[in-house]
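Here is a friendly briefing to read alongside your structure. Take a look at the model first, and then go through the points below.

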Amino acid sequence: MFVQILFGLSALLTVGCAIALAATKNIMHSCVFLLGTLLGVAGLYATLGADFVATAQIMVYVGGVVILMLFAVMLTGGKDFVSKAQNLLGLAPTMGNKWTYSLAGLVSLVFILTNVKLISSIVKTAPAKTFTNEMPSTVSQLGHLLIKDHVLAFELSSVLLLGALIGAAIIARPKKNQ
Amino acid sequence: MTPATFDGLMPIVILMAIAVLLFLGGHFLSVYLAPKKPSHLKSTPYECGEEPVGTAWSMFNVRFYVVGLIFIIFDVESVLMFPVAAIFKEMNEMGEGGYALIVFLSFVSILIEGIAYCWKKGDLDWVKSFQLTANKNKK
Amino acid sequence: MNQTIVSYLSKYEFYKTLLGLFGGNESLLAFVIYLIVALIIIGFCATVGGLGTFAERKISADLQARIGPNRVGPYGLLQMLADGIKLITKEDIMPYAADKFLFYLAPLLALVGVFATLAVFPWSSGFAMSDLNVGVFYLVAISSLVGLAVFLGGYSSNSKWSMLGGMRGASQIISYEIPVTLSILAIVLLAGGMGFGTIVAQQKGLPFNWFIFHNPFTFIAFFVFFTGALAETNRAPFDLPEAESELVSGYNTEYTGMRFGFFALAEYIEVFVVSGVAVALFLGGSNLPVNIEVDFLPLQFVEVIIFVTKAALLYYVVIWIRWTLPRLRVDQLMSICWKYLTPIAIFNLVGCAIWMVAFNGKSLAELIFGH
C-alpha cells in the first residue's frame, strides 16, 4: 500500500514539476522544477525496486546536472538575459509560435505512436509483475553484469567519458587569439 | 508482510516530510512571534552601507562551469565503479580476483588519463591559464 | 537484504504485543515505529546541532584563552535555547530584489538534504533506521542537495556577497565530492557492500580491525575523506562560501531569523553526520571492543553510546581544526582538491584493489599476527 502511495506521489511530483517547468518564464525556476522532476523520477525508480538506479539518478542528475545547468544559466547572467539570436525562420526565440507548436505536436505524435507500437508487444507477452515481498539487491546483479557480460560496454563507457572530459575541457578553454 | 525492499524507503520519506513540516512550523512560528515593521531601507541588499549598485545577477567566470563539467564526468565514473567495487570482494573470494582487478584497473587507468590530460593542459588551475593567455595576448 | 529497525525489533516478544495492539496491521505499526524513531533522531540531532554551536563557542574560547558563553544556565549550557528563541523572534527580512520562491526554497532544500541522510545513519547494529543496500552511495547522493541549497541561497538573495558565496560554495562542494566518493569507494571495495551494516560488521573487535588500520592505503584514505568532508560541510579551513572577513557572511548574508537558523542547523547536523560516517567507514562504527555474539537489547544502547562518543570526538577535532588553521584562497582550494586529494584518492583506490587480490583481503594486523 505504502509503495503504491509513494509511486503515485512520485508520479505526481514528476508530472507536476514538468508542467511547472514548461510553464514558468523564469529560467532559474525552470531549473529548480527540473530538480523536482528528476527527484520524482528517482522516486519512481525506487518504488519499482531499482534502488541503485534511483540513487544514481539522484547522484548524477540532482547533484551534478542541475548544478551544472544553474552554472550554465549564470554564464549568461541569470534570468534577465535576453537573447538577440534568431531561429531558422527568422523569428525571435519565444516560448513558441504556431510553427513550433505544430512541428512539436507532429513529432511527439509520431514518437508516441512508435513507442506504443514497440511496447505493446512486450506488454502483451510479458508476465504481469507484482510487488514481491523480497526483492534481491540490484547492486550485486548490476556489478556481475558489468564485470562479466557487459565488460566491453563498461570499459567503453570509460573511454566515452574520457572523450567527454577532453571535449568539455577543450570547449571551455579560452581561445588563444581572442 | 511488509515488503522488505520497500520498507527501507519509508524512513526516507518520513524524514523528508518531517524536514518540510519543521520548516513550515518554524516559518509560521516566526510569523506569529516576530515583529513586522518593513521599510525600504531594511530590505535593500547589504552592500556595506552603500546604496546597492545594479543587480548581483551578472555573468560569471567560465571556470565554475569547467569545474562542474569535470565533476560530472568523475561523478558518472564513480557511479559506474560503485557496483563493481561492491562485488569485488565476492569475486576475489570466488577466485576471480585477478580478472576483476584487471577490469577495474583498466577502467581506473582511463580515469587517470583524463585527469592527467586536464592537469597537463592547465584546466585544473583556477587562475593560471587565464592569466597566461591574457599576458600572451598583451605581448 | 535491507535490515530496518522494524525488522530488528520484530525479533523480540514485545513486538508481537504491539502488533496485537495495532490489530495485526504491520504496515501501520512500521509507520508508527518509524515516525517515533525519526522524531527521536531528529530531536537528538537538533540537540547535537545546538550543542555544536555551544561547543564551538566554548572550545574557541578555550583556544583563545577566553571564557565563552557562561551566563545562560549552568556553564552557559542553555545558550543554544536562548539562541533558538532569539532566531524565532527576529524580524524576517527579505531583500526587495530577491527571487522570493528560491529564497524560501533554499533553506528547505538544505534541511531536507541533511535530514534524509539520517535515514541510513548507522547508530548501532540494530538501530539504523534503514540499512539500505546502497547505504553510503545514497548518503553521498542525497547530501548533494545541500550544495544546491547553498547555491540557490546565494543566487536568490540578489546580493553580491551572497552570489559570490553561493557560487564558491557550489563549486567547492561538488569538487570535493570527488575525493570523498573515491575514498568511500576504497572502503566499499574492502567491505564488499555499500550498506552501512555490511561495512560496520566487518570492523568488529579491537582497533586494529578497523578499516583505517586495514592497510596503508585506507590509512591515507581516511585523511583524504576527512579533509574532503570538511570542505563539503563548508567548515574552516574550507569556509570560503561564508568567509566572514571577505564576503560578510557569504551565501546566507541576507538571511535573517528562522531561515538563517535552518541553514545553521543544517550545517551543524551535517558536520555530525559527516563525523558519524567517518566513524562508521573507518573507525569501527558502533562495534563493541570485544567480539561477542549476543543479541541483547540493552547492548544496542551501549553501541549507540560508543558510536556517538566516537562521532563527538571527531566533531571536537573539526572544531579544533576550525580555530587552528587559517582559511585557504580559492585557487589553493581548487588545486588541493584536483591536484592533491583526487590523485591521492585514486592511488588509494588502486592500492586497495591490488591489496585485496595480493593478500586475499587480509588486513595488515591479520598478516602480522597471522590469524
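Two residues are in contact if their C-beta atoms, placed from the backbone, lie within 7 Å. This is a predicted model, in which local features need pLDDT of at least 70, side-chain atom pairs count only at pLDDT 80 or more, and totals for chains, interfaces and linings use all residues. Residues are numbered from 1 along each chain as its sequence is written, while chains are lettered from A and ligands numbered from 1 in the order in which they are written.

**Around C:Val188**

- Leaving aside neighbours within four places in sequence, C:Val188 touches B:Phe82, B:Ala85, B:Ala86, C:Val136 and C:Met194.

**Chain A with chain B**

- Chain B brings 45 residues to this contact and chain A brings 52.
- On the side of chain B that touches chain A, helix 3 of chain B gives the most, with 19 residues (helices are DSSP runs of H or I, at least four residues, numbered from the N terminus).
- That side of chain B divides into 34 nonpolar, six polar and five charged residues (Ala, Val, Leu, Ile, Met, Phe, Trp, Tyr, Cys and Pro count as nonpolar, Asp, Glu, Lys and Arg as charged, and the others, Gly among them, as polar).

**A helix pair**

- Helix 6 (residues 151-172) of chain A packs against helix 4 of chain B at an angle of about 5°, with the axes 10 Å apart (axes are lines fitted to C-alpha atoms over the stretch in contact, and angles run from 0 to 180 degrees between N-to-C directions).
- The two helices are therefore roughly parallel to each other, a label for angles under 35 degrees.
- Their contact residues divide into 13 nonpolar, three polar and two charged.

Notes:
Angles under 35 degrees count as roughly parallel, over 145 as roughly antiparallel, 65 to 115 as roughly perpendicular and the rest as oblique.
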